[in-house]
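Here is a short briefing on one protein model and its ligand. Please look over the sequence and the structure before reading the points.

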Amino acid sequence: MSLTQLPAGAPATKVTMPALAEMKRQGKPISALTAYDYSTARLVDEAGIDLLLVGDSLAMVVLGHENTLAVTTDEMLHHTRAVRRAVRRALVVADMPFGSYHGTLAEGLANAVRFVKEAGAEAVKIEGARVELVRALTEAEIPVVGHLGLTPQSVHRMGGYRVQARTAEAMRQLRADARALARAGAGALVLEGIPREVAAAITAELEIPTIGIGAGPDCDGQILVFHDLVNLTFAPPAKFVRRYGDAAALLRSAIEHYREDVEHRAFPSDQESYHLPKSAFAAPAVDSDDADAVVNRDALQDFGEFSRP
Ligand code: KIV
């Protein structure tokens, strides 16, 4: 059991899709990260990251699948709800998983509505040049983030995770797709795994912000997979990943230390144990004013004062 204290205090200024466009106009870089659960989403949000993507990369880094294809809409909804509960400031974008928008426009629309209505997503992300779907979602008041270049849901068509748009023709097509998505109403565009020069050209010609991952430094913003950032992926990182911390080492050491303490009976100590009240030695009733009558008195008091907008 663990008691989690919910975030208190005045609501921070909320990042919205129009706010991202304004950041582009002002030349202010957009920071983005993936998050998949309450605790990491809360840390990411409290660190001031502008956009949180509940990415379908969770299929790999959280659920242990080989690629992103297996994760279901219900699983994505479950994780999006957890993230949404944690976030006060960042824009929460939910990735629509493979199969959830590859059929009819009506199916894609119905699934996107679920992310907004059932999970609190503020935008959805879809991969590929699905211009008609972007138009339909925009007309249905659902902000859309497009995703072009290396689109992991196309892993089988691409023949692996390969850098895209490396020929003049592929570059021309990618630029045309980016313009078409923007015209259809996409509010932002993730550019993944493409040459820096291509990303720079697209960024310069679009009014909507581009958010790069493996697309060089000229995009309007950058996104990384949270588990890559903190070394929780159990694999050598891709060229574009910069590791900012080593959570694997930290967690391993904490877990091993705990195991050793248990094995040596060094945990828990007497101070970490509950004790019978003195009155128990006179009469068997539990004294409700006794400090050891509740599991965590401070946390209970804070729950009483907590309110969320
Ligand atoms: O699922 C994901 O994490 C993504 C990012 C890599 C952009 O789509």
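The model is predicted: local features need pLDDT of at least 70, side-chain atom pairs count only at pLDDT 80 or more, and totals for chains, interfaces and linings use all residues. Residues are numbered from 1 along each chain as its sequence is written, and side-chain values use heavy atoms, with hydrogens and water left out.

**Overall make-up**
- The protein has 13 helices and eight strands, taken as DSSP runs numbered from the N terminus (helices: H or I, at least four residues; strands: E, at least two).
- Of its 309 residues, 43% count as buried (under 20% relative accessible area, with exposed over 50% and partly exposed in between; 1.4 Å probe, protein chains only).
- Among contacts (heavy atoms within 4.5 Å) between residues at least 6 apart in sequence, 59% join residues at least 24 apart.

**Ligand site**
- The ligand is surrounded by T34, L53, G55, D56, S57, D95, K125, H147, V190, E192, I213 and V225, each with a heavy atom within 4 Å of it.
- Oxygen atoms of the ligand lie 2.9 Å from a polar side-chain atom of D56, 2.5 Å from one of S57 and 3.0 Å from a side-chain N or O atom of K125.
- The protein covers 96% of the 260 Å² of accessible area that the ligand has on its own.

**Helix α2**
- Helix α2 spans residues 38-46, of which Y38, T40, A41, R42, V44 and D45 are buried.
- The cover over these buried residues includes β1 (30-34), β2 (51-54), α4 (73-86) and α10 (226-229).
- At the N-terminal end, D37 caps α2, with a side-chain oxygen 3.4 Å from the backbone nitrogen of S39; a polar contact is a pair of N or O atoms within 3.5 Å, and within protein one must be able to donate a hydrogen and the other to accept it, while residues adjacent in sequence count only if both atoms are side-chain atoms.
- G48, which follows α2, has a positive phi near 90 degrees.

**Surface patch**
- Y258, V262 and F267 form a nonpolar surface patch with about 290 Å² of accessible area together.
- Patches are made of residues with over 30% relative accessible area and no salt bridge, with like charges joined within 9 Å and nonpolar side chains (Val, Leu, Ile, Met, Phe, Trp, Tyr) within 5 Å; a salt bridge is a side-chain nitrogen of Lys or Arg within 4 Å of a carboxyl oxygen of Asp or Glu.
- F267 sits in the loop between α11 (247-263) and α12 (279-282), and F267 counts as partly exposed because its relative accessibility is 38%.

Notes. Accessible areas come from the Shrake-Rupley method with a 1.4 Å probe; for residues, only the protein chains shown count as cover.
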